[in-house]
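This report examines one protein model, shown below.

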Amino acid sequence: MSTIRPLIPLLATAGILIGGNGLQGTFISLRALEEGFSPQTIGVIGTGYNIGFAVGCIYITRIIRAIGHIRAFCALAAIAAAASMLMLLYIAPLPWFLMRLVQGLCIAGLFAVVESWLNARVTNANRARTLSIYRFVDLGAVTLGQYIIPAVGVSGFELFVIIAMTLTLSLVPISLTDRTSPAAPEHVRFDVRVLWRVSPLATIGCIVVGFTNASFRSLGPVYADGIGMTVTSIATFMSAGIFAGVVLQYPLGHYSDKLDRRLIILIATFGSFVSGIFLAQVAGESIWLNYLGIFAFGAFAMPLYSLCSAHANDHAAPGQHALVSAGTLFFWSVGAIAGPLFASMLMGRYGPHSLFWYTAAVQGLFMVYTVMRMMQREGVPAEGRRSRFRSLLRTSAFFAKLAGPGNAKDKP
């Protein structure tokens with residue numbers, strides 16, 4: 001613990017940010033429903049956040065290099081908190097779209113600051129423990145954040161204030177770190193051509209994950225409300241889908257290191273496809289069947305991003321891994337921008353269950369593409385791979401560095 005103790009303020013800051021951001025994503029969708037916004041409008045608002053997130057990922061290293069970690073963090077946290085309060089003052093689709101865009105940009109920057117700072121402090125001796133604590137903080141904060149919503153209620157001003165408070169309070173732990181300022185991070189290059197040249201399958205896979213998983217995060221509350229769930233049930237529904245991502249993450253990753261990784265991608269996609277069909281066709285309005293379905297959906301769908309990243313790194317040349325990590329995040333953002341738009345239009349026209357007809361259709365097409373790629377290109381033998389599976393968060397390009405080099409010779 002002596003090696004972890006200096007990192008506690010940064011981990012605490014990450015926990016506050018993750019919890020507040022997870023709370024905000026679900027709450028905004030539910031509050032928009034209460035204000036009478038259509039599913040299409042809610043999808044557009046969710047897209048605004050993802051546009052801002054994509055822009056923030058591209059430009060944040062320039063900001064950090066220009067003004068330093070702590071100044072960048074303070075500025076972005078203040079702007080994000082102000083945007084949350086402005087959403088309370090101006091309850092209308094256009095202001096909410098603009099404020100969510102600003103928040104997406106700021107949140108991407110805040111995570112990049114924390115994770116680049118952690119990378120500067122972490123060593124090989126404490127990397128695995130730091131990463132384990134970070135994942136535990138992520139899971140606990142997101143789950144706790146969901147249950148603040150039924151405890152406080154969707155109506156009124158309180159949750160807007162709580163969200164602004166979390167963004168403001170995230171400044172406290174990071175301000176209590178020692179006075180040593182880490183060196184400015186290396187600029188993260190975004191060359192979208194590199195990932196496509198390295199692995200077309202990983203490129204399409206990251207877009208598919210953005211299409212489907214981001215639609216679930218943005219419109220899952222709309223789906224659950226549409227089938228008659230209470231606010232508490234909606235919180236449980238969203239938590240089940242997110243928490244389930246941990247269940248199969250490491251078993252799938254373990255077998256992907258030993259077998260053709262594309263086969264495991266195909267299995268995970270098939271599981272997501274079947275789960276989506278179950279939710280769309282079988283679960284109906286049954287709360288427990290929907291809990292079961294979304295748990296299975298999350299268990300298979302959530303690891304796909306990490307599997308695609310690992311597959312891309314199998315084919316990456318030495319020196320390309322940073323570009324691959326940046327590329328996977330960029331293409332995920334592309335899918336996350338477009339996905340909620342398409343899904344919300346379908347939900348507005350055909351009802352809530354069309355959300356999972358949509359995810360199943362996208363994943364079905366991806367299965368076909370995966371089989372085609374397996375027929376066109378030989379897989380990388382397990383003994384010839386330069387990387388191993390790593391469980392990745394879609395927070396910033398620096399998380400891949402925090403997760404370690406993924407060398408195939410490392411212990412699993």
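Which residues does threonine 166 touch, not counting residues up to four places away in sequence?

## Threonine 166 and helix H6

The model discussed here is predicted. Within it, threonine 166 is in contact with Ile16 and Gly20, leaving aside residues up to four places away in sequence. Threonine 166 belongs to helix H6, and its relative accessibility of 18% classes it as buried, because the limit for that class is under 20%.

Helix H6 spans residues 158-169 and also contains methionine 165. Together with Leu169, Val172 and Leu176, Met165 makes a nonpolar surface patch of about 390 Å².

## The largest nonpolar core

The largest nonpolar core has 117 residues, and the members that touch the most others are Phe73, Tyr134, Phe216, Phe237 and Phe356. The element giving the most to this core is helix H9, residues 200-226, with 13 residues.

The surroundings of phenylalanine 73 can be listed in detail. With residues up to four places away in sequence set aside, phenylalanine 73 touches Thr13, Leu17, Leu110, Val113, Val114, Ser170, Leu171 and Ile174.

## The buried side of helix H11

Helix H11 covers residues 249-258, and its buried residues are Gln249, Leu252, Gly253 and Ser256. These residues lie on the same side of H11, because the arc they cover around the axis is only 100 degrees. In general, an α-helix has 3.6 residues a turn, so residues three or four places apart point the same way.

Several helices take part in covering the buried residues of H11. Among them are helix H5 (127-152), helix H12 (261-282), helix H13 (287-301) and helix H14 (304-315).

## Salt bridges

How many salt bridges does the structure hold? There are four. One of these joins the side chains of glutamate 35 and arginine 31, with an N to O distance of 2.8 Å.

A network of salt bridges links Asp257, Arg261 and Asp314. Arginine 261 pairs with aspartate 257, where the closest N and O atoms are 2.9 Å apart. Arginine 261 is buried at a relative accessible area of 1%, while aspartate 257 counts as partly exposed at 22% relative accessibility. Arginine 261 also forms a salt bridge with aspartate 314, and here the closest N and O atoms are 2.7 Å apart. This pair connects distant parts of the chain, since arginine 261 is in helix H12 and aspartate 314 is in helix H14, 53 residues apart. Aspartate 314 is buried as well, with a relative accessible area of 5%.

## Isoleucine 58 in helix H2

Isoleucine 58 is located in helix H2, which runs over residues 39-67. Its relative accessibility of 24% makes isoleucine 58 partly exposed. Between isoleucine 58 and glycine 22, the C-alpha to C-alpha distance is 22 Å, and the two residues are 36 residues apart in sequence.

Methods. Residues are numbered from 1 along each chain as its sequence is written. This is a predicted model: local features need pLDDT of at least 70, side-chain atom pairs count only at pLDDT 80 or more; totals for chains, interfaces and linings use all residues. Side-chain values use heavy atoms; hydrogens and water are left out. A nonpolar core is a set of buried Ala, Val, Leu, Ile, Met, Phe, Trp, Tyr and Cys residues joined through side-chain atoms within 4.5 Å. Buried means under 20% relative accessible area, exposed over 50%, partly exposed in between (1.4 Å probe, protein chains only). Helices (H or I, at least four residues) and strands (E, at least two) are DSSP runs, numbered from the N terminus. Contact means heavy atoms within 4.5 Å. The arc is that of the directions from the helix axis to the C-beta atoms. Patches are made of residues with over 30% relative accessible area and no salt bridge: like charges are joined within 9 Å, nonpolar side chains (Val, Leu, Ile, Met, Phe, Trp, Tyr) within 5 Å. Accessible areas come from the Shrake-Rupley method with a 1.4 Å probe; for residues, only the protein chains shown count as cover.
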